[in-house]
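The following report describes the fold of one protein and a few of its side-chain pairings. Please read it with the sequence and the structure at hand.

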Amino acid sequence: MPTSRSTRPNASRLSRNCGTRHRPFEKVGHAALAQGLAHHLGTAVAAILHTSFSLGDAEALPRLLAQVGFRDVVLSHSVKMLRFASPEAFVRAWVRGSVLGRAGVEVHDDVLTAIVREVTAALRPYVNEEGLGVPIAVHLAVGHTTVKDP
């Protein structure tokens with residue numbers, strides 16, 4: 001989790017933006033992608049995508065942060081718009097540059113083309129002259145901790 005130095009000596013601040021997992025209607029892009037992945041690569045690969053939202057439990061996140069020493073954790077919820085030039089750009093970013101890529105998931109060009117076609121059809125209502133815009137629900141967690149000297 002990214003942390004940044006506070007202006008207070010020996011202190012650090014955490015701010016973490018986490019996708020939620022309990023509001024699937026607020027992440028239609030990822031739902032469409034997960035469905036395309038499941039159809040073409042199997043449910044195990046689709047499940048890897050869902051790990052991107054593993055810190056999305058609004059009740060568990062503050063407890064997890066407290067367990068690792070953060071205090072005064074404040075959690076806020078909002079819905080953001082993810083914007084991509086196209087559904088294809090969205091698919092390529094998530095397949096090649098996200099948790100899927102880091103997990104070593106290899107997708108052959110013909111399979112990627114089929115996934116792009118399926119996701120593009122599913123996300124057509126979210127495409128306009130500016131490109132793709134899909135909602136995603138996120139939690140922003142902010143907390144503080146004291147940093148021990150090395």
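Helices (H or I, at least four residues) and strands (E, at least two) are taken here as DSSP runs, numbered from the N terminus. On that basis the protein contains six helices and five strands, and along the sequence these elements follow the pattern β-β-α-α-α-β-α-α-α-β-β. The model is a predicted one, in which local features need pLDDT of at least 70 and side-chain atom pairs count only at pLDDT 80 or more, while totals for chains, interfaces and linings use all residues. Residues are numbered from 1 along each chain as its sequence is written, and side-chain values use heavy atoms, with hydrogens and water left out.

**Overall burial and contacts**

Accessible areas come from the Shrake-Rupley method with a 1.4 Å probe, and for residues only the protein chains shown count as cover. The accessible surface of the protein comes to about 8,700 Å², and 54% of this belongs to carbon and sulfur atoms. A residue is called buried under 20% relative accessible area, exposed over 50%, and partly exposed in between (1.4 Å probe, protein chains only); of the 150 residues in the protein, 37% are buried. If a contact is taken as heavy atoms within 4.5 Å, then among contacts between residues at least 6 apart in sequence, 79% join residues at least 24 apart.

**Strand 5 and its partners**

Strand 5 (residues 131-146) has twelve of its 16 residues buried, so it is largely enclosed by the rest of the structure. Two strands are said to pair if DSSP finds at least two bridges between them. Strand 3 (residues 71-84) runs antiparallel to strand 5 and is joined to it by twelve bridges, with Val79 having Ala137 of strand 5 as its bridge partner. Strand 4 (residues 127-128) also pairs with strand 5 in the antiparallel sense, over two bridges, and here Asn128 has Gly131 of strand 5 as its bridge partner.

**Side-chain pairs**

Rings of Phe, Tyr and Trp (its six-membered ring) pair if their centres lie within 6.5 Å, and planes under 30 degrees apart count as stacked, over 60 as edge-to-face and the rest as tilted. By this rule there is one aromatic pair. Phe84 and Phe90 form it in an edge-to-face arrangement, 5.2 Å centre to centre with 75° between the planes, and Phe90 counts as buried because its relative accessibility is 0%.

Side chains of opposite charge can pair when their charged atoms come close. A salt bridge is a side-chain nitrogen of Lys or Arg within 4 Å of a carboxyl oxygen of Asp or Glu, and the structure holds two of them.

| Salt bridge | Distance, N to O |
|---|---|
| Arg92 and Glu88 | 2.9 Å |
| Asp109 and Arg96 | 3.9 Å |

The second pair in the table, with Asp109 in helix 6 (residues 109-122) and Arg96 in helix 4, links distant parts of the chain, 13 residues apart. Asp109 counts as exposed because its relative accessibility is 57%, whereas Arg96, at 43%, counts as partly exposed. By contrast, Arg92 and Glu88 both lie in helix 4 (residues 87-97), four residues apart, about one turn of the helix. Arg92 is partly exposed at 34% relative accessibility, and Glu88 is partly exposed at 36%.

**An exposed loop residue**

Glu59 is located in the loop between helix 2 (43-50) and helix 3 (60-67), and it counts as exposed because its relative accessibility is 62%.
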